[in-house]
Structure formats: C-alpha cells, structure tokens
Amino acid sequence: MAEMIPPKERVKREQIPMPEQEPKERIYNFKEVPLGYTREQAIYEAQRCLQCKNPKCVPGCPAEINIPQFIKKIVEEDFAGAYLEILKTDDLPAMTGRVCPQEEQCQQVCILEKQGKPIAIGRLERFVADWARENNIHGKLPKVSKKEQKVAIIGSGPAGLTCAADLAKLGYEVTIFEALHQPGGVLVYGIPEFRLPKSIVKYEIKEIEKLGVEVVTNFVVGTTKSVDKLTQEFDAIFLANGAGAPRFMNIPGENLNDVYSANEFLTRSNLMKAYAFPEYDTPIKIGKRAATIGAGNVAMDSARTALRLGAEKSYIVYRRSRKEVPARAEEVHHAEEEGIIFNFLTLPIKVLGDDKGNVIGMECLKMELGEPDDSGRRRPIPIPGSNFVIEVDMVIDAIGTSANPIVARSATGVEINQWGYFIIDDNTKVTTKEGIFAGGDIVRGSATVISAVGDGKVAARAIKEFLSSDKSLRKRF
Amino acid sequence: KGERIPLTVADFDREKGLIRIVFQIVGKTSEELSTLEEGDELYSFIGPLGKKTEIENYGKVITVGGGTGIACIHPITRALKEAGNEVISIIGARNKELIIMEEEIKKASSKLIVTTDDGSYGRKGFVTQVLKELLDKDKSIKKAWTIGPAIMMKVTCETTKPYPVETIVSLNSIMVDGTGMCGSCRVTIGGETKFVCTDGPEFDGQLVDWVEFMNRLSRYKDSEKKSWDLYHEHTHLCSCGRGIN
C-alpha cells in the first residue's frame with residue numbers, strides 16, 4: 001500500500017503530465033490520443049491531494065463526486081473502492097473523466113490551482129474507471145424496494161443516462177427512448193473515437209442497463225409515438241433530447257456538394273464509421289483542403305477528423321481571435337500539435353463552387369474586434385473591402401446547433417421559448433406541464449456533457465419528489 | 001456495418017401491424033436487402049419519419065408515379081380517393097417488367113393510365129406526355145402529386161408549370177439520420193434551405209432548385225460504385241466457395 005506523504009512534500013510535487021500518442025503517429029489513426037495514467041503515475045498524482053477538510057473541488061463537480069475520498073482510496077491502492085466511491089454519484093466516470101472541462105470545474109477550484117498545480121482529478125477519475133473495466137469490477141446493484149411507478153426518458157445522451165441511472169437506483173421502472181440505432185447521444189455520434197472510444201461508451205451504458213434501465217432504440221418520440229401518448233403510459237417524463245439540429249451560416253454556396261454540417265460529418269464518421277469505408281457501408285467525402293468554420297469543441301473534433309481521413313490541410317476558420325476560442329485548451333493544443341491551421345478573425349461570406357456543385361474555395365472577410373457583446377466577448381466587426389479567398393475543397397459548418405422541434409411539437413402544454421428550448425423551473429427542471437421535466441442541451445442550448453449530467457441528477461431528484469408526493473396534489477397525471 | 005437508407009411505406013395494415021416497403025436494387029445495400037428471406041430480421045428500422053401528405057377534398061387531382069415511385073404514390077393516391085377526390089393516376093416505367101403494384105393503384109384511384117418508355121405495355125412514351133394531354137383536355141384538375149426519379153419529377157413540374165395546377169413532389173435526397181439532426185438532405189425551396197427528412201419530403205415542385213438537388217444526389221457516386229463492386233467481388237467468391245449460385 002502506498003503511503004500518504006507529508007503535506008509539504010505534496011505541495012512541492014508537480015502535476016503528472018498525461019502520456020499521449022505522438023502527433024506524427026496519431027494523425028493516421030482514430031485511436032485515443034491520451035493514453036491514461038499507469039498505476040504508479042496515478043498513485044504518485046493522488047498522493048499530492050491535500051485531502052481538504054472542506055474540499056472546494058466537490059461543489060465544483062456537477063456530478064457531486066466525493067473527490068478527496070476516491071483519491072484517498074487510490075493512494076491506498078484500493079482502486080475498486082475508489083470506483084465504487086465515484087459510482088455513488090456518477091455512473092459515467094470513464095466518459096466524464098475524459099470529456100469534462102475539469103479546468104473550469106473541479107480543478108479550477110482545487111486549492112493547488114493557485115500555484116498552477118491543481119490535482120489532475122479528471123485523469124485520476126479516468127484511471128479508476130478504466131482500471132475497473134479492465135479488472136471486471138462492477139457497481140453494486142442497489143437494494144431498494146421496486147416501485148410501481150414508471151418513468152420515460154426521452155433521449156439517451158448524458159442527461160438521459162444519468163437521470164435514468166439515478167431513478168433506477170431509487171427503484172423506479174425506467175425506459176429510455178432513443179431515436180438512433182445506438183444509445184449515447186453525442187457520446188456516440190459527436191465525440192470522435194480519438195477522444196472517447198466507443199467501446200467505453202457501450203460498456204458504461206451496459207452497466208446502466210444492469211441497474212434495470214430499459215433502452216428502446218429506433219424510437220423517435222414525436223413520430224413513432226407522441227409525448228402526449230407517453231404521458232398516458234408513464235408517471236413522469238424527462239425530456240433530454242438535446243439540441244441536435246445543425247445551424248448553417250446562410251451564406252451563398254452553402255448547399256454545394258462538399259459542405260457538411262459538423263453533425264453530418266461527425267455522425268458519418270463516428271456513428272456510421274465511415275472512416276472505415278468500404279468495410280462499413282456509409283461513405284464520406286474528404287477534400288485535400290478542408291475548412292472547418294467555428295472554434296468550439298465540435299469544430300476541433302471536425303478539423304481533427306478531416307485530417308485523419310486524409311485531408312492534407314485542415315483549417316479552422318474563426319471570426320474572433322485566439323483569446324475567444326470556446327474549445328477546451330487541451331483540444332486546441334492537440335489540434336495545433338497535429339498541424340491544424342488556425343485562421344482567426346476570418347468570416348466566410350460565400351462558398352465558391354464549380355459547375356458540378358463541388359467546392360473550390362471560400363470567400364472571406366477580415367475582422368477586427370470591437371466592444372464586448374452580450375456574451376462578454378469582444379464583438380467581431382468585418383473590415384470592408386478586405387475580401388480574400390481561401391482555396392479549399394470541403395467545408396464543415398461547426399457554428400453550433402439548435403433545438404430540433406419534433407419532440408416539442410408532440411407535447412401539448414409543454415412550452416418552449418423563442419429558440420425552441422423547453423421552459424423550466426431552474427431548481428426542479430419541471431416544464432410548464434406537471435410531471436414533465438427537461439434538462440441538458442434542450443434546455444440550455446448546446447453546452448457541455450457535464451452540465452447535462454448535472455441536469456440529469458437534479459431532475460432525478462425532482463422526479464422522485466414529485467412521484468412520492470401526495471397523489472391528490474397532482475393535477476394532470 | 002451497414003448504412004442507413006430511406007424507403008417509403010407503400011402500404012400498411014394497422015390491424016396486423018404490417019407495413020409494405022418496395023425497393024429497387026440500385027447499389028450495395030438494396031442488393032443485400034434483396035437477399036433477405038422470410039423470417040430474417042432487420043437490425044434497425046425507424047419511423048414513421050417526415051411530414052404527412054396534406055390530404056383534403058380538392059375535387060379532381062392527378063397522381064404520377066415513375067419506377068419505384070409507383071409504390072410511393074400508392075398510399076397518397078388511396079388517401080386522396082378516400083377523402084372524396086376524383087383521382088387520375090398515371091404510372092410509368094422503362095418497360096413492362098418494371099411496372100409494379102398496378103392492381104393496387106387501379107383499386108386506389110378513379111382512373112389509371114400506364115405507360116412504358118419502350119411500349120412493351122400500356123401506352124408507349126413518358127408519363128409527362130399523358131399528363132400534358134390530360135391537362136389540356138380537362139381544366140378542372142386542381143392539383144398533382146409526382147414521385148419518381150429526380151429527372152422525372154423535374155420534367156413533370158415543367159409540364160404542369162403553364163397550368164394552374166399546384167404540383168407536389170416527394171424529394172429523395174441523401175439522408176443519414178432522417179430526424180433533422182444533420183442536414184445531409186437539405187434542399188433549396190423558394191430560396192430557403194429546408195430539410196427533406198423533417199420539413200418534407202413533399203414540397204411545391206415549382207419552388208425546388210432542381211440543379212442543386214440533382215448535384216447533391218450524385219455526391220457519393222464514386223463511393224457507391226466502389227462499395228457495390230466490392231460486394232459483387234466478395235459475394236462471387238463466397239458463392240463459389242459454398243457451391244451456391
């Protein structure tokens with residue numbers, strides 16, 4: 001068993017860097033880039049934790065993981081214990097350990113952050129989850145009395161999965177309805193294999209199913225069955241269908257053949273495995289020079305995928321400057337290492353094509369930054385007459401997504417705002433209709449996996465409260 | 001390892017819980033689908049998708065189906081007639097063998113005219129020739145629906161353009177998810193971008209940007225051929241090995 005080391009020593013130690021695949025190698029494969037801590041590295045890193053009496057990291061985690069506790073178990077080399085500790089509140093640790101922006105969550109409030117040496121909480125969480133999977137350690141099935149009440153969850157992304165797991169552990173009968181043929185939402189169709197291996201997603205969803213959650217795929221709520229119909233069959237409903245509708249810039253030439261939405265590009269590559277065409281049937285087209293518009297995580301994923309699919313040059317085109325880039329610092333760093341070329345302060349105004357409808361270039365304007373806008377970021381202003389052409393033969397729009405109206409259309413009495421997102425009570429996630437709750441991107445717009453996980457947890461608690469309240473208080477169910 | 005492909009529900013029986021799908025072998029997936037036998041299962045089936053056809057009692061209407069589009073026009077024809085319309089159907093194909101569901105369409109409509117390009121059955125020529133004659137003769141025709149290959153729908157819309165007959169087309173874009181999350185199927189309708197899978201598949205044919213639509217349909221021609229060729233190579237080898245044809 002490893003020893004706790006004196007606090008003085010702990011503060012001196014540097015954070016253990018993450019071992020990674022070499023950039024030169026990894027641009028030719030879809031294998032995961034960060035390789036994960038070894039056992040020794042994990043223990044060494046875990047020993048740095050000060051084990052605060054009033055830890056700031058715990059409230060910094062939307063999944064409410066007892067971070068010092070699981071880290072302590074790593075030091076004690078009780079990895080199974082660490083895993084079970086995490087599972088108390090987070091059922092997707094291999095995923096949250098990988099894709100959470102920890103630098104803005106738990107690690108940002110770590111007391112060691114002030115010295116620039118926060119504990120690598122995400123990497124430790126990932127280590128524990130991976131170790132448990134490899135050593136066949138499973139969560140304990142909860143011993144609760146099964147409840148008669150049934151809950152329907154619409155969407156199997158991170159919000160839906162988390163809510164489902166929490167409710168199942170409380171004894172409710174939970175059914176998840178998923179439109180695609182595989183559950184996971186953005187975890188399977190959006191985030192690429194090199195950031196989140198799909199076998200891991202599958203594994204963690206299987207673990208959740210073991211809790212008694214039923215997952216029904218190929219079921220489009222809104223067309224296969226309406227929300228209104230489901231209210232007759234279930235005692236409560238959680239709407240977690242995400243914000244999956246792609247946005248386009250609405251500039252001329254955007255419907256040319258080689259212009260993809262990031263959603264289409266990534267769905268083809270990740271969910272349909274078009275990167276392995278023709279072994280897999282779904283095709284994908286890759287230009288020699290690919291331009292991705294936008295600078296969020298989805299844009300980084302798209303640009304890096306294009307590179308791996310054979311693009312010789314892969315550009316990021318962003319209308320603001322480096323400072324405003326919304327993607328995680330780690331992803332931007334990885335993208336740069338791999339040779340992604342960044343074009344800042346650049347606004348596409350027209351996609352140029354040949355007579356067959358193929359892309360041959362993109363006309364852009366140079367931008368300058370003005371006063372801060374509503375989002376607090378400096379507003380980009382086009383410089384008149386600065387037009388220039390980037391020679392590209394494929395374009396990926398990664399400028400964001402919005403609400404898909406199919407679910408909302410079939411839910412009478414559930415009100416949406418002007419952007420199509422459900423209106424909810426922030427504390428309880430209840431919509432304008434009693435018994436129907438909503439969370440994740442379909443409430444907040446495209447955000448992070450961990451905020452969706454957090455919403456799922458809050459909603460599960462609210463649903464429990466609702467279902468155990470006096471029946472006479474309920475009006476519509 | 002399969003891909004997702006869109007197919008139209010050509011007929012259904014709510015009591016028995018059955019639907020009918022008609023498809024033509026045009027590439028790898030459809031050919032593979034044709035090898036399935038009774039009792040085999042599909043890995044994944046999703047639907048219904050898209051918006052409903054707007055069915056009203058318009059009076060006298062025409063439905064035009066070409067190739068496998070004949071199967072797709074069938075439920076629309078039937079619903080129009082059930083709503084009290086007088087429905088004239090025109091169905092056409094390259095030759096006699098490719099005329100499908102003739103009996104069903106006949107039953108579903110008030111009057112049926114069949115054409116073949118080579119004259120091997122029914123009237124020789126294209127559906128549009130018959131359509132033009134009808135429109136010239138009968139000014140009381142209110143509305144038309146047409147489903148078939150892109151080029152046929154385009155020519156049909158050109159045929160009806162001079163007449164005050166609204167023409168609805170059912171577009172067959174390249175689709176991936178079919179639920180509005182990717183925009184692979186996007187088309188320009190009257191200058192606006194629409195998604196065929198959720199805003200359609202039916203649109204006013206006169207507003208469709210046909211050049212763009214047909215360009216986008218040919219996006220993966222090379223990959224499609226590669227995939228089919230490989231499948232043939234592979235199945236040929238397998239059949240030899242197993243001694244079956």
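**Entry 1: the interface**

I began with charge pairs between the chains: the rule finds 3 salt bridges across the interface of chain B and chain A. The rule asks for a side-chain nitrogen of Lys or Arg within 4 Å of a carboxyl oxygen of Asp or Glu. I looked up E279(A), which forms a salt bridge with K1(B); the closest N and O atoms are 2.8 Å apart.

A note on the source: this is a predicted model, where local features need pLDDT of at least 70, side-chain atom pairs count only at pLDDT 80 or more, and totals for chains, interfaces and linings use all residues. Residues are numbered from 1 along each chain as its sequence is written, chains are lettered from A and ligands numbered from 1 in the order in which they are written, and side-chain values use heavy atoms, with hydrogens and water left out.

I then listed polar contacts across the interface of chain B and chain A and got 25 residue pairs, both residues at pLDDT 80 or more. A polar contact is a pair of N or O atoms within 3.5 Å; within protein, one must be able to donate a hydrogen and the other to accept it, and residues adjacent in sequence count only if both atoms are side-chain atoms.

Which elements give two or more residues to the side of chain B that touches chain A? I found α1 (28-34), β9 (186-189), β10 (192-195), α7 (210-217) and α8 (221-242) of chain B. Helices (H or I, at least four residues) and strands (E, at least two) are DSSP runs, numbered from the N terminus. The largest share of that side, 4 residues, comes from α8(B).

I counted 38 residues from chain B and 39 residues from chain A in the contact, taken as heavy atoms within 4.5 Å. The buried area between the chains is about 3300 Å², with 52% from carbon and sulfur atoms. This is the accessible area (1.4 Å probe) that two parts lose on being put together, summed over both.

**Entry 2: strands of chain B**

I followed the hairpin. Strands β1 (residues 9-13) and β2 (residues 18-21) of chain B run antiparallel and are joined by 4 bridges; two strands pair if DSSP finds at least two bridges between them. D13(B) stands opposite L18(B) in β2(B). There are 4 residues between the strands, and G17(B) takes a positive phi near 70°.

Next I traced an open sheet of 7 strands in chain B, with mixed pairing and the order β6-β5-β4-β3-β7-β8-β11. At its edges stand β6 (123-124) and β11 (202-204) of chain B, each with a single partner strand, so one side of each has no neighbour in the sheet. Inside the order, β7 (residues 141-147) and β8 (residues 166-170) of chain B pair in the parallel sense over 4 bridges. W145(B) stands opposite I168(B) in β8(B).

**Entry 3: a helix pair and backbone exceptions**

I searched the whole structure and found 45 salt bridges over all chains. One is D130(A) with R126(A), the closest N and O atoms being 3.5 Å apart. These two residues are separated by about one helical turn because they are 4 residues apart in helix α7 (residues 121-134) of chain A.

Most residues other than glycine have a negative phi, and most peptide bonds are trans. I looked for exceptions. A cis peptide bond joins F277(A) and P278(A), with omega about 5°. P278(A) is in the loop between α12 (262-271) and β7 (289-293) of chain A. The bond from G200(B) to P201(B) is cis, omega near 15°. P201(B) lies in the loop between α6 (196-199) and β11 of chain B. L345(A) has a positive phi near 50°.
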